[in-house]
Amino acid sequence: MTTPTAESALAASDAVLDREETISRDELEALQLSRLQHTVAYAYDRVPLYKRKFDEAGVHPTDLRELSDLGKFPFTTKEDLRLEYPFGMFAVPQHEVARIHASSGTTGRATVVGYTKKDLADWAKLVARSLRASGVRPGMKVHNAYGYGLFTGGMGAHAGAEALGCTVIPISGGQTERQITLIQDFKPDAILATPTYLLTIADAMMKQGIDPASTSLKYAVLGAEPWTEEMRHELEVTMNIKACDIYGLSEVMGPGVAGEAVETQDGSHIWEDHFRPEIIDAFDPSVVLGDGEPGELVFTSLTKEALPIIRYRTKDLTRLLPGTARPAHRRMGRITGRSDDMIILRGVNLFPSQIEEIALRIPELSPHFQLELTRPEGQRMDQLTVKIERRESVTVEGSTTAAKVLQQQIKIHVGSSCTVDVVEPGSLERSNGKLRRIYDLRPKA
């Protein structure tokens, strides 16, 4: 049987790329400037929020003469979208809006986004570009385990796979037993899911006595949550696949803002013919950082009609790197976390991805973990407990030693003390989509 690595190299070599994927950096930046000037003027003329924000900041669209001038313009935040709920951010009349998506609204008023028919066609094209970069090809069967509905993941991925010429299996999230049945019966070539949910599927297969490496799957295109190189290795070895990242967020478009190339697997290339990225200092947003410097990712859309977005603060922490497989398009480094997911524990900044990275280097421990924050009665200091499952083959005695190693490694590499509680395999919550890692059990003020 041909290995996924060999197949991936073959798939990469026969890809027919969009012209914009092959242009030079100079050509791309000229295109960006033209589209950026149009978008900033378009947003100013059509979206009252932007006219108000620009006027308050003392800037006008005519002030944007070169790409660096974008830094003069104010940011857009999730709170802006919530304040303009439901349709205040739309730049076109209602009859031109072909589809509406929205966030869950579990942490406040939902953020609502809209698309014209052209927006939907552009979105499908960019998802198709991302899937193709990750090894998916026309004619392949694609098992889509992203959630459908108001969440952009399911329908966005679906439209992109169809645009690429694939056969789509629209299973959505959850119903893990049925997912496994359809993977066995329909024999898809690729799966689209969150990384933690694919891990859930693999675990469920093993419990049924099915070897996850024995399925027809060759490629996994995974996104919607931060994941580490250690998680990639876990999934690739367990399932005998090539796993690549896809990045997006509903406020900017949805999945397909950036995609990872299977031949390099070195971070997602941002499709800069449609989006202009920046990195800012998360603690001093007025500072725009250079390529290679870590900070918060900011996006400006260049082609959107229904909801143009200017300097949207994503809260995702990463850095911009030179393009490789698509040289003109810069790459995103691995997202180390979200600024709003950061735990400040006794003065030390900590992200769930750091725990995942350390834990998966310890063979006795599984990728299934939760972080619990507590403040014991009568104490001023917060306490962190890492609950993590041992692997099936590991004894209780072996897991005790592993717990001590994890505790020491967190102290060394993160700089904070914690308690490690190694629990039985299968005892922690499994992902049906986006997995909750942090449980804040501290008393409410």
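Leaving aside residues up to four places away in sequence, Ser301 touches Thr39, His274, Phe275, Leu307, Pro308 and Ile309. The model is a predicted one, and in it Ser301 belongs to strand β12, which covers residues 295-301. Is Ser301 buried or exposed? Its relative accessibility is 0%, so Ser301 counts as buried.

Tyr44 comes from helix α3 (residues 25-46) and Phe54 from helix α4 (residues 48-57), so the pair links distant parts of the chain, 10 residues apart. Both partners are tucked away: Tyr44 counts as buried because its relative accessibility is 12%, and Phe54 counts as buried because its value is 0%. Phe275 pairs with Phe299 in another way, edge-to-face, at 6.2 Å centre to centre and with 75° between the planes. Phe275 lies in strand β10 (residues 275-281) and Phe299 in strand β12, so this pair ties together parts 24 residues apart in sequence. Phe275 and Phe299 are both buried. Tyr44 and Phe54 also belong to a cluster, linked by ring pairs, that takes in Tyr50 and Phe73.

Charged side chains meet rings too. Arg129 lies over the face of Trp271, 5.0 Å from the ring centre. Arg437 does likewise with Phe369, lying over the face of that ring at 3.9 Å from its centre.

Next comes helix α12. This helix runs through residues 396-413, 18 residues in all, and spans 25 Å from its first C-alpha to its last, close to the 26 Å expected at 1.5 Å a residue. Which residues of α12 are buried? They are Ser399, Ala402, Ala403, Leu406 and Ile410. Looking down the axis of α12, these buried residues fall within an arc of 110°, so they line one face of the helix. Glu397, Lys404 and Ile412, on the other side of α12, are exposed. The cover over the buried residues of α12 includes helix α11 (352-359) along with strands β19 (365-374), β20 (383-390) and β21 (419-423). After α12 comes Gly415, with a positive phi near 95°.

Notes
Residues are numbered from 1 along each chain as its sequence is written. This is a predicted model: local features need pLDDT of at least 70, side-chain atom pairs count only at pLDDT 80 or more; totals for chains, interfaces and linings use all residues. Side-chain values use heavy atoms; hydrogens and water are left out. Helices (H or I, at least four residues) and strands (E, at least two) are DSSP runs, numbered from the N terminus. Buried means under 20% relative accessible area, exposed over 50%, partly exposed in between (1.4 Å probe, protein chains only). Contact means heavy atoms within 4.5 Å. The expected span of a helix is 1.5 Å times one less than its number of residues. The arc is that of the directions from the helix axis to the C-beta atoms. Rings of Phe, Tyr and Trp (its six-membered ring) pair if their centres lie within 6.5 Å; planes under 30 degrees apart count as stacked, over 60 as edge-to-face and the rest as tilted. A charge sits over a ring if NZ of Lys or CZ of Arg is within 6 Å of the ring centre and within 35 degrees of the ring normal.
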